[in-house]
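Here's a quick briefing to read with the structure open beside you. Have a look at the model, then work through the points by topic.

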Amino acid sequence: MYRIVVCDDEEIFCRQIHEFVLKYTKELGEDTEIESYTGSGEFLKNIDQRADLYFLDIKMPGNTGMELAETIHGIYPDASVVFVSSLHDAVYESIRYAPFRFIRKEYLDTEIREAVMAFFTARQKRDAVIRLHTSAEDIFLPMITIDYVETAGHYLKFHTCRQVCTVRGKLSDYAAFLSGHSIIQVNQSFLVSLRYVSSYRNHKITLGNGCEITISRSCRNLFREAYLNYQRSHYHVTVL
């Protein structure tokens, strides 16, 4: 069973979000438990009850949705957060909290449907693993945990939030396969998860750890296309 939590201080929106989420999870035949809160204080009192998916209003009295997302990810790094707001400009600030989706309140029905379907599709993908042959053992690394891959001489380092796995090989051995999981080559030395990109400007990207990487000329067009598609599908934003 999947547990889903909704938090919005406006009762009418809280109820609508709950109803749409229930509607579309039922359409998919998924067994879910949905809990709703109309205040961040009430939500935080029950933070110890882990959920798989959170729908959070951004602007709320007390703690904002972004502050709640930071708390959630600090406790449950693998949980998915969907921001809901009528403040369209908030999408740019929200990116730093790595939300699964950004939903506009005037499009609740259609965008909640997209988010719910994408969430369960992603859950199927996140079960995918890559087998890495290290010098000591074989490691089965969940694809969703990979932040970036970098070269180190004749070796590759697979970075996740919890570990670094070193294997012998070349980027070209993995580039095509990993691109299907939104892990894209940016130059001769790096493959980067689009999920882990915090900013992209002037042929440079900044990763979640603050590292800045220059995109090589040969990778620019493919990276830009992949990045824009990722942004549009996750945040409903037009990137110029």
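Leaving aside neighbours within four places in sequence, which residues is H73 in contact with? They are A79, V81, Y97 and A98, where contact means heavy atoms within 4.5 Å. Before going further, keep in mind that this is a predicted model, in which local features need pLDDT of at least 70, side-chain atom pairs count only at pLDDT 80 or more, and totals for chains, interfaces and linings use all residues. Residues are numbered from 1 along each chain as its sequence is written, and side-chain values use heavy atoms, with hydrogens and water left out.

**Around H73**

- H73 sits in helix α3; helices here are DSSP runs of H or I with at least four residues, strands are E runs of at least two, and both are numbered from the N terminus.

**Nonpolar cores**

- In soluble globular proteins, nonpolar side chains tend to be buried together.
- The largest nonpolar core has 22 residues. A core here is a set of buried Ala, Val, Leu, Ile, Met, Phe, Trp, Tyr and Cys residues joined through side-chain atoms within 4.5 Å, and buried means under 20% relative accessible area, with exposed over 50% and partly exposed in between (1.4 Å probe, protein chains only).
- C7, F43, Y54, L56, I72, V81 and F83 have the most contacts inside this core.
- Two or more residues each come from β1 (2-7), β3 (53-57), α3 (65-75), β4 (80-85) and α4 (90-94).
- Helix α3 is the top contributor to this core, giving 4 residues.
- Another core, of 20 residues, lies apart from this one, and its members include I17, I34, I103 and L108.
- Back in the largest core, Y54 touches V5, F43, Q49, I72, Y76, A79, S80, V81 and V82, not counting residues up to four places away in sequence.

**Salt bridges and charged residues**

- There are 11 salt bridges in the structure, each a side-chain nitrogen of Lys or Arg within 4 Å of a carboxyl oxygen of Asp or Glu.
- E33 and R3 make one of them, at 3.7 Å from N to O. This pair links distant parts of the chain, with E33 in strand β2 (residues 32-37) and R3 in strand β1, 30 residues apart.
- E33 is partly exposed at 35% relative accessible area, whereas R3 is buried at 9%.
- E10 and K105 form another, with their closest N and O atoms 3.3 Å apart. Here too distant parts of the chain are linked: E10 is in the loop between β1 and α1 (11-27), K105 is in the loop between β5 (101-104) and α5, and 95 residues separate them.
- E10 is partly exposed at 37%, while K105 is buried at 8%.
- A network of salt bridges links D8, E10, D57 and K105.
- R50 and D52 also pair up, at 3.4 Å from N to O; R50 is partly exposed at 35% and D52 is buried at 13%.
- D52 also turns up next to R123 in the contact list: R123 touches Y2, D52 and D78, not counting residues up to four places away in sequence.
- R123 belongs to helix α5 (residues 108-126) and is buried, with a relative accessible area of 13%.

**Cysteines**

- How many disulfides does a search of the whole structure find? The count is 0, with a disulfide taken as a pair of cysteine sulfur atoms within 2.5 Å.
- The sulfur of C161 has its closest cysteine sulfur 11 Å away, in C165, so the gap is too far for a bond.
- C161 is exposed at 60% relative accessibility, whereas C165 is buried at 2%.

**An open sheet**

- Three strands form an open sheet in the order β13-β14-β15, with antiparallel pairing; two strands pair if DSSP finds at least two bridges between them.
- Strands β13 (197-201) and β15 (212-214) stand at the edges with a single partner each, so one side of each has no neighbour in the sheet.
- Strand β14 (residues 204-207) is joined to β15 by 3 bridges, and I205 stands opposite I213 in β15.
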